[in-house]
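Dear colleague,

I am handing over the structure we spoke about, with the sequence alongside. Please look through it first; my notes on what was found follow below.

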Amino acid sequence: MHLQPRSTVTLSLTIITKNEADVIARCIQSVPLATEVIVVDSGSTDRTVEICRELGARVVVTDDYPGNGPQKNRALDLATGDWILSLDADEWITPELMEEIRALMESSPANVAGYRIRRLSSFCGRFMHHSGWWPDWIVRLSRRGQGRFNDELVHDRMVLNGEMGQTEGIILHEAFVALDDLVTKMNRYSSDGARMLQRGGQSGSLTRAVLHGWWAFTRTYFLRAGFLDGREGFMVAVSTAEVAYYKYAKLLLADRPRERGRLQHK
């Protein structure tokens, strides 16, 4: 059940999903201020769509998946609220941020198009306060029509058409529940990263792969104090290094015709 706002200013919550039955209710229920919930689903085979509809969301199922940014823009285009909060299914907001959003919707200067919000992410059950994961500023709250996501394959972000403010409250994010999730995403991130480098005209080499992997570990574990995040900090540093290494290794192998085909059509 969603609470009605205290004025005529309205808020839409937009989410993209695929097989998010374990987390989607938490996401939706964390935003009781929303007057509508828009879910764009790309073919879930679990109860995601059913759960969303049970919670009053409008669900649109797409036949294709053009990437995170374009899919999120589809959800933005369906929203009718004065303000739009865009969340990932594995994210949720604190009650403090909810009340702050309520106040901002009422009092924001006309030239402010949206707000950036700090995100606190967890890794295998531990919230990470170092390792380059905090503070993780992301733009997720915007006036309708004044925010759009880019179409980058890796790390999509919202771009505002106007001034940007920032909140005190935070978004919580369950980034990785288990190592299996990490391994799957590492493969996707490194492949997407290699494609982006290839489109930019870059070439790979074994030396670049090793050096980028080494630097990624050093920066995450030492310079960004990942060691203060305990064993999880070490695992994050290793995985960050692996993504960097495999990204350039895959770029190197993309020079071979068969590997290039795999990289482009995976």
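N150 is found in the loop between β9 (147-149) and β10 (158-160), where strands are DSSP runs of E of at least two residues, helices are runs of H or I of at least four, and both are numbered from the N terminus. At 16% relative accessibility, N150 counts as buried, a term that stands for under 20% relative accessible area, with exposed for over 50% and partly exposed for what lies in between (1.4 Å probe, protein chains only). Leaving aside neighbours within four places in sequence, N150 is in contact, meaning heavy atoms within 4.5 Å, with G69, P70, D156 and R157.

Before going further, please keep in mind that this is a predicted model, in which local features need pLDDT of at least 70 and side-chain atom pairs count only at pLDDT 80 or more, while totals for chains, interfaces and linings use all residues. Residues are numbered from 1 along each chain as its sequence is written, and side-chain values use heavy atoms, with hydrogens and water left out. The chain averages a pLDDT (the predictor's confidence in each residue, from 0 to 100) of 93, and 93% of the residues score at least 70. Over residues 1-5, however, pLDDT stays under 50, and the model has 14 contacts beyond four places in sequence for that stretch. Where pLDDT is low, the predicted coordinates should not be read in detail.

I93, with its neighbours within four places in sequence left aside, is in contact with S30, V31, L85, L87, M98, I101, I170 and I171.

Turning to the aromatic residues, a pair of rings is described by the distance of the centres and the angle of the planes. Rings of Phe, Tyr and Trp (its six-membered ring) pair if their centres lie within 6.5 Å, and planes under 30 degrees apart count as stacked, over 60 as edge-to-face and the rest as tilted. The structure holds 12 aromatic pairs. One of them, between W214 and W215, is tilted, at 6.4 Å centre to centre with 40 degrees between the planes; W214 counts as exposed at 54% relative accessibility, whereas W215, at 37%, counts as partly exposed. Y221 and F234 form an edge-to-face pair, at 5.7 Å centre to centre and 85 degrees between the planes. Because Y221 lies in helix α6 (residues 206-223) and F234 in helix α7 (residues 230-253), this pair ties together parts that are 13 residues apart in sequence. Y221 counts as buried at 17% relative accessibility, while F234 is partly exposed at 39%. Both belong to one aromatic cluster, formed by F217, Y221, F222, F227 and F234.

R26 lies over the face of W92, at 3.8 Å from the ring centre, and R116 over that of W137, at 4.2 Å.

As for the backbone, most residues other than glycine have a negative phi, and most peptide bonds are trans. N19, in the loop between β1 and α1, has a positive phi of about 55 degrees although it is not a glycine, and N19 is partly exposed, with a relative accessible area of 35%. C124, in the loop between β6 and β7, likewise has a positive phi, near 50 degrees. A cis peptide bond joins W134 and P135, with omega about -5 degrees, and P135 is found in the loop between β7 (126-127) and β8.

With kind regards

Key: Lys NZ or Arg CZ within 6 Å of the ring centre and 35° of its normal.
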